[in-house]
Amino acid sequence: MPLYSRLKTNTYIDSVTLMAISTATNQLDGVIQAQVAMGSPMNKAVLTEANLLTEELSNAVPSDLMISVVLEDGIDADEVFAQIDQLLIRKPVNDQKNSDEVFHTITAAAEKYPESNLVIVSVNGSYAAREAEKALMLNKNVMLFSDNVPVEQELRLKQLAHSKNLLIMGPDCGTAIINGVGLGFANKVRRGNIGIVAASGTGAQEISVRVHEFGGGVSQLIGTGGRDLSEEIGGIMMLDGLQLLAEDPQTSVIVIVSKPPAPSVAEKILTTCKQISKPIFIWFLGYQGEKHPSPHIQIFSHSKPTAMAAVIESGIPEESIDKHALNWPLIEEVRAKLSVEQKYIRGLFCGGTLCDESLFSALEKHCEVYSNIHPDKSYRLSATDKSKGHTFIDFGDDEFTQGRAHPMIDPSYRIERILQEGRDPEVGVLLLDFVVGFGANPKPVEETLAALIQVKQEAKKEGRHLEILAYVLGTDLDLPSVNSQIKLLEEVGITIASSSTNAGLLAREFVVKGE
């Protein structure tokens, strides 16, 4: 299995595009493993760890593009690199209306389109703050998709944006829907009167999808980045986003999404909420505190009841909503199939907040719960640790995505873990999410299905039942549609959860013994 590389000097490609190119490269015939990344020190370290760094690539600088591929024996490397070159080619500008235009600076783009008011920044974290600041100084709102931005830079950017009455969504903001347009990872949902402000990408997606399913619609979805409600940042963008939704005539109901904020930040958010006359529904993951801090404010610990309450408040009749109660006959059936030794859940997630929701559901009933995003550091696993007890892994966490595509785009790293966990005789349930929509892999289920079938067949040969429980986040308007992906899973005997909330609750109940 020979290793080949190419170094393209002074060739910059943004991280979102690189994620898609890396995924496509790994799917080429004859390619066993591939990485396409900028030549930053962090990316070179990732290549070194994966045994993909050649002497040629070791000389790369951050403005250089690195391509490293491991090929099957007998494959023509020149032909493979020719195919990769085709993936890198940008469309020529033939038509002013229908073709992409390429600008080499934010200033040049702003000069050509002075009426534009939003810039999406998706570059290596080392340069992201600088580019975001340029956009803010040009009086543009910013969606900062990039991660690995130091917290002190985030604070400085958000203070600048606040002083200029601008939004900076991020860093590490994966999802937004502004005036009906999905940005980053987003789903196709109907327009409506429910505004969402979220410090969580997949959490925001989950709420918007449930709102759509229950018959409601979204006016605006503003992302803040996951650290916004930390003590260091102080909720600057969450508070600004709340104020914008409070003033927005299209928004009648507001939903807030976040992991439990720092106590001082929570106090600021609730104080601001009490000053807003619109009804507000808050989903704080794992929240155990007061549920009704004010007559027009409700706080929930799960996503589904949050979305349902908001939709009912928005004017949708409660009797028209299909609530999808837990299937207790199914729970009893699965419990009966699992042996005494099969007592653990292994949750392997693309979406961090989906992982969190199932993690917190398990914590309500089980001990020995571990995760790479566990709030208690004594139960936290690193990316290289083996699973133990009930384990929930967020494959989209920074530790997993450094130098490789997000699992919503490239599922290969999660597939390796599926095969590993499915062979563990103590595992009763494999819990997985699949995310469809803007920015995500166009065939998320198809690319993972072979591994799921394999572990089910292996377990059957060994005389044990392996319950695979899947949740597909998406809508009937997405491409592919959520129902098309669910059908593929159901055809091979995989159990489907109707929501993120139900996925976590079903998984934790499946492995209960003696009830």
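1. Buried area is the accessible area, taken with a 1.4 Å probe, that two parts lose on being put together, summed over both. By this definition, domain 1 and domain 4 bury about 770 Å² between them, with 57% of it on carbon and sulfur atoms. Met19, Thr23 and Val46 supply 47% of the area that domain 1 buries against domain 4, more than any other three residues.

2. The model is predicted: local features need pLDDT of at least 70, side-chain atom pairs count only at pLDDT 80 or more, and totals for chains, interfaces and linings use all residues. Residues are numbered from 1 along each chain as its sequence is written, and side-chain values use heavy atoms, with hydrogens and water left out.

3. The protein is divided into domain 1 (3-89), domain 2 (102-171), domain 3 (192-226 + 233-319) and domain 4 (328-511); these bounds come from an automatic or database domain assignment. The centres of domain 1 and domain 4, taken over C-alpha atoms, are separated by 29 Å. Nine residues from domain 1 and nine residues from domain 4 take part in the contact (heavy atoms within 4.5 Å). Between domain 1 and domain 4 the count of salt bridges is zero, a salt bridge being a side-chain nitrogen of Lys or Arg within 4 Å of a carboxyl oxygen of Asp or Glu.

4. The structure holds six aromatic pairs (rings of Phe, Tyr and Trp, the last by its six-membered ring, with centres within 6.5 Å; planes under 30 degrees apart count as stacked, over 60 as edge-to-face and the rest as tilted). The pair of Phe145 and Phe185 is tilted, because the ring centres are 5.9 Å apart and the planes lie at 55 degrees. Phe145 lies in the loop between β5 (141-144) and α6 (151-163) and Phe185 in the loop between β8 (181-184) and β9 (191-198), so the pair ties together parts that are 40 residues apart in sequence. Helices (H or I, at least four residues) and strands (E, at least two) are DSSP runs, numbered from the N terminus.

5. Phe145 is buried at a relative accessible area of 14%, and Phe185 is buried at 7% (buried means under 20%, exposed over 50%, partly exposed in between, with a 1.4 Å probe and protein chains only). Elsewhere, ring pairs link Phe395, Phe400 and Tyr413 into a cluster.

6. Arg6 lies over the face of Phe81, at 4.0 Å from the ring centre, and Arg414 over the face of Phe434, at 5.0 Å. The criterion is NZ of Lys or CZ of Arg within 6 Å of the ring centre and within 35 degrees of the ring normal.
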